[in-house]
Amino acid sequence: MQKISVNFSQKWLQILSEILISSASAVVFLFLDLLDAIFCVFFKLIDEFIEGKSSGCYCSIENEEEEEEEEKSDSDNELSNTLYKRRNLFRGIGFRRNVTSRRKLNENVRWSDCSCENCVSWMSNIAGELKLHVVVKEIHQVNLEDFKGKRAENIVFLHGFLSSSTFWTETIFPYLSEDTMQKYRLLAVDLLGFGKSPKPNNCLYTVKDHVEMIESSVIQPFELNSFHIVAHSMGCVVALALAAKHSHSVRSITLIAPPYVTSTKEDVSLTALNRLAARRLWPPLLFGSSFMSWYEHLGRCVCYIICKNHRVWEGILKLLTWNRNLHFMAIDLTRHTHHSAWHTMHNVLCGGAKFMDKYLETLNIAKVKINVIQGSRDQVVPMESGNNIKMKVPNAEVKIVDNADHTSIVIGRERELCNDLEKLWGSIC
């Protein structure tokens, strides 16, 4: 009887806490809706004052209608509906503006972006051709003589959102066995808009843009006729698109914490936004994701404070921690512009959701080996992602790691992950 009473009390506490969180979330996000609309006007004025013209945004109702017409004429539209159809009570009420200029932004550094040497190094390319930053770990010299005449095996690593190639070079690369280093060439890529790669303002950072940049910076220059792919989080969407396009060359693809969202509704992009960045105050990580994903102008404010002044914040962290070498994740967090992060979030994580089934179907037909690894405590991507992928591709292998979250699925269990990867690559070879 006492056990029943305890369970009853816990159930009511959960219901009460859910009501409180939902009510508080509704009030807070209503205020943020209004605040974002106000900052829409603020940035319009200050952009015109500093740059001579406003950059445009996605606040206008007229452009929702324009986008719907574009969708009707192009079923494979790469732009996500979430750019226009994010719920906001104050959208279009006295704050309408023309956004056609968003496709004509120049490549100059904006006043709200950082212009330090590290952040704009990609603009110093004399040839003017944009290339991604790629960290290459070549096959060990000791094995080159034995390797002559054999087809090279390559591993391409793609990082997640607000990260860079250091996610792999600092975690996986040091833990791979000597035998693996003598057989495979490792290539860790900074995706377009992140790390040391280009961050052009005249790009919409669609899945197609990311894939084409990987092709021109990695696939073609390194002549990758045969390769495996390892991807984490957002990188999984780009990885599936790349693998589907090069299904004849891809030997295997490992998806770590993939953001795979399914929906019976027609607009899966909006479903993805509501699943990956629900408008809730709790947990804090979810609130941060929703704040930066739903509010274009408030997000730009945060990027101005944090990313533009990243050297100041890094200096403060070094003083507080008495450590000259900050953790790579703290550094990667600011290595983007608001324009690149905003469009990648919507056009890849949300917009890419509508192409995921097509990618998986292509890989299933090509019999490409798919390996999914996910943590049991992942609060970022849906827990059912792995099982949904297996339903789509029956031969896919899914591994759920106990007590691992979105980040600790890699960091903290590097040796175990390397063992899993080496077994997969070895079994295919």
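Leaving aside its neighbours within four places in sequence, valine 398 is in contact (heavy atoms within 4.5 Å) with Val372, Gly386, Asn387 and Lys390. Valine 398 lies in strand β7, where strands (E, at least two residues) and helices (H or I, at least four residues) are DSSP runs numbered from the N terminus. The C-alpha atoms of valine 398 and valine 372 are 4.6 Å apart in space, although the two residues are 26 apart in sequence. With a relative accessibility of 28%, valine 398 counts as partly exposed, a class that lies between buried, under 20% relative accessible area, and exposed, over 50% (1.4 Å probe, protein chains only).

The model is a predicted one, in which local features need pLDDT of at least 70 and side-chain atom pairs count only at pLDDT 80 or more, while totals for chains, interfaces and linings use all residues. Residues are numbered from 1 along each chain as its sequence is written, and side-chain values use heavy atoms, with hydrogens and water left out. The average pLDDT of the chain, that is, the predictor's confidence in each residue on a scale from 0 to 100, is 87, and 86% of the residues score at least 70.

Strand β7 belongs to an open sheet of seven strands with mixed pairing, in the order β1-β3-β2-β4-β5-β6-β7, two strands being taken as paired if DSSP finds at least two bridges between them. The edges of the sheet are formed by β1 (134-137) and β7 (397-401), each of which has a single partner strand, so one side of each is left without a neighbour in the sheet. From one strand to the next, the twist averages 15°. Within the sheet, β4 and strand β5 (residues 250-256) run parallel and are joined by six bridges, and the bridge partner of phenylalanine 227 is valine 250 in β5. Helix α18 (residues 414-428) packs on the sheet, where it touches β2, β3 (184-189), β4, β5, β6 (369-375) and β7, and its direction makes about 160° with that of β5; axes are lines fitted to C-alpha atoms, for helices over the stretch in contact, and angles run from 0 to 180 degrees between N-to-C directions.

Helix α9 (residues 235-245) is mostly covered, with ten of its eleven residues buried. Among these buried residues are Gly235, Cys236, Val237 and Ala244. The buried residues of α9 pack against the strands β2, β4 and β5 and against α8, α15 (338-350) and α16 (356-366).

Helix packing was examined next. Two packed helices are described by the angle between their axes and the distance between the axes. The axes of α10 and α11 cross at roughly 140° and come within 9 Å. That makes α10 oblique to α11, given that angles under 35 degrees count as roughly parallel, over 145 as roughly antiparallel, 65 to 115 as roughly perpendicular and the rest as oblique. Leu273, Asn274 and Leu276 of α10 make this contact with Leu286, Ser289, Ser293 and Trp294 of α11. By class, the residues of the contact divide into four nonpolar, three polar and no charged, where Ala, Val, Leu, Ile, Met, Phe, Trp, Tyr, Cys and Pro count as nonpolar, Asp, Glu, Lys and Arg as charged, and the others, Gly among them, as polar.

Helix α11 also packs with helix α12 (residues 296-306), at an angle of about 110° and with the axes 6 Å apart. That makes α11 roughly perpendicular to α12. In this contact, Phe291, Met292 and Trp294 in α11 meet Glu296, Leu298, Gly299, Val302 and Cys303 in α12, and the classes comprise six nonpolar, one polar and one charged residues.

Several loops hold backbone features of note. A cis peptide bond, with omega about 0°, joins tryptophan 282 and proline 283, and proline 283 is placed in the loop between α10 (268-276) and α11 (284-294). Leucine 162, which is not a glycine, has a positive phi of about 55°; leucine 162 is found in the loop between β2 (153-158) and α6 (166-169) and is partly exposed, with a relative accessible area of 24%. Glutamate 223 likewise has a positive phi, near 50°, and is situated in the loop between α8 (207-219) and β4 (227-232), where glutamate 223 counts as exposed at 61% relative accessibility.
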